[in-house]
Amino acid sequence: MRFASLGSGSRGNGTVISSDDTHLLLDCGFGYQETVKRLARLGLEPDMLSAVVVTHEHSDHWGGVESLASRHTIPVYATRGTWIEVAGHRLAHTHEVRGAFEVGSLSITPVTVPHDAREPIQCVFEVSGKRLGVLSDLGSVSAHVLSAFTELDALSVEFNHDWTLLHEGPYPSFLKKRVGGDYGHLNNEQARDLVAAVASERLQTVVACHVSETNNEVSRVEAALEQALAGHNAERRVASQSEGMEWITVGSR
Ligand SMILES: [Zn+2]
Ligand SMILES: [Zn+2]
């Protein structure tokens, strides 16, 4: 299994998880042309996608799903709450996520997270015993999340904002409250503590994702990652809004 990012942040998210000839796109927050261009960077074309899984209805995750999936007849998976929020869509092949499911050779376990959408999930992917966790949008770390994201070989997790930069920054106060709240996004310290809590001996890769361009700095994210992984030799990466992240093979060492 390997994974890569089309781009990550409040202006659009997309993660590709691949195993053999199964290519799953997790969220698509980019317009059609932009998605095609970003897929091409990873050596993919839309017709190669086996499925799109949507974690929740926010436009940075859902915004590009309809045009991509309807043009290329790609099945789309989401929870009932997400389907309710995007009612009126013109997709032909939809599936309701109720529990663990499979797409080709990938097993997907949805995990309910505290985030201000109707029925948001994040996911653990598994192939032949290798496990990848993707955790892009959550406002706080629940016991449920901690128990689901265990024994991972790779983890992509949001380091959304620096608490001080958010509170001293340009966002209006309602947005500071939303982003910093328990159903908003993780700050660097929360993400650091989460990584430290789930990091086991087998964890080889941690990718920081959904990093705010306004309320965070890569150097602060890297410092938090270093603290979280002190004593571990897991590789650390930061996925960006413009470039995303190149392919990483899960559990290759
Ligand atoms: Zn969201
Ligand atoms: Zn988001």
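Which residue stands opposite Thr22 in strand 3? In this predicted model, Ser19 takes that place. Residues are numbered from 1 along each chain as its sequence is written, while chains are lettered from A and ligands numbered from 1 in the order in which they are written. Local features need pLDDT of at least 70, side-chain atom pairs count only at pLDDT 80 or more, and totals for chains, interfaces and linings use all residues; side-chain values use heavy atoms, with hydrogens and water left out.

Strand 3 spans residues 22-26. Strands (E, at least two residues) and helices (H or I, at least four) are DSSP runs, numbered from the N terminus. Strand 3 pairs with strand 2 (residues 14-19) in the antiparallel sense, over five bridges. Pairing requires that DSSP finds at least two bridges between two strands. The two strands form a hairpin with two residues between them. Asp20, in the turn, has a positive phi of about 50°. On strand 4, the pairing is parallel and three bridges join it to strand 3. Here Leu26 stands opposite Val53. The chain passes from strand 3 through helix 1 (residues 32-41) to strand 4, a right-handed β-α-β crossover. Right-handed means that, with the strands pointing away from the viewer, the path from the first strand over the helix to the second runs clockwise.

Five of the five residues of strand 3 are buried, so the strand is largely enclosed by the rest of the structure. Buried means under 20% relative accessible area, exposed over 50%, and partly exposed in between (1.4 Å probe, protein chains only). Both faces of strand 3 are covered. Thr22, Leu24 and Leu26 lie on one side, with His23 and Leu25 on the other.

The metal sites come next. The zinc ion (ligand 1) is coordinated by His56 (NE2), His58 (ND1), His115 (NE2) and Asp137 (OD), at 2.1 to 2.6 Å. Donors are N, O and S atoms within 2.8 Å of the metal (3.2 Å for Na, K and Ca); water is not among the atoms, so sites may look incomplete. The donor residues of this ion are spaced H-x1-H-x56-H-x21-D in sequence. Angles among its four donor atoms run from 92 to 169°, and the site is irregular. Four donors count as tetrahedral if all angles lie between 85 and 135 degrees; four count as square planar and six as octahedral if opposite donors are over 155 degrees apart and all others between 65 and 115; anything else is irregular. The zinc ion (ligand 1) and the zinc ion (ligand 2) are 3.5 Å apart, with Asp137 coordinating both. His56 lies in the loop between strand 4 (51-53) and helix 2 (59-62), and His115 in the loop between strand 8 (106-112) and strand 9 (121-127), so the pair ties together parts that are 59 residues apart in sequence. His56 is buried at 0% relative accessibility. His115 is buried at 4%.

Asp137 sits in the loop between strand 10 (130-135) and helix 5 (143-148), and His210 in the loop between strand 12 (205-209) and helix 9 (218-228), so the pair ties together parts that are 73 residues apart in sequence. Asp137 is buried, with a relative accessible area of 1%. His210 is buried at 2%. His210 also has a positive phi of about 50° although it is not a glycine.

The largest nonpolar core holds 28 residues. Such a core is a set of buried Ala, Val, Leu, Ile, Met, Phe, Trp, Tyr and Cys residues joined through side-chain atoms within 4.5 Å. Leu135, Phe149, Leu155, Val157, Phe159, Val195 and Leu229 touch the most other members. Helix 5, strand 11 (154-158), helix 8 (188-198), strand 12 and helix 9 each supply at least two residues of this core. A second, separate core of 26 residues includes Met1, Leu24, Phe125 and Val250.
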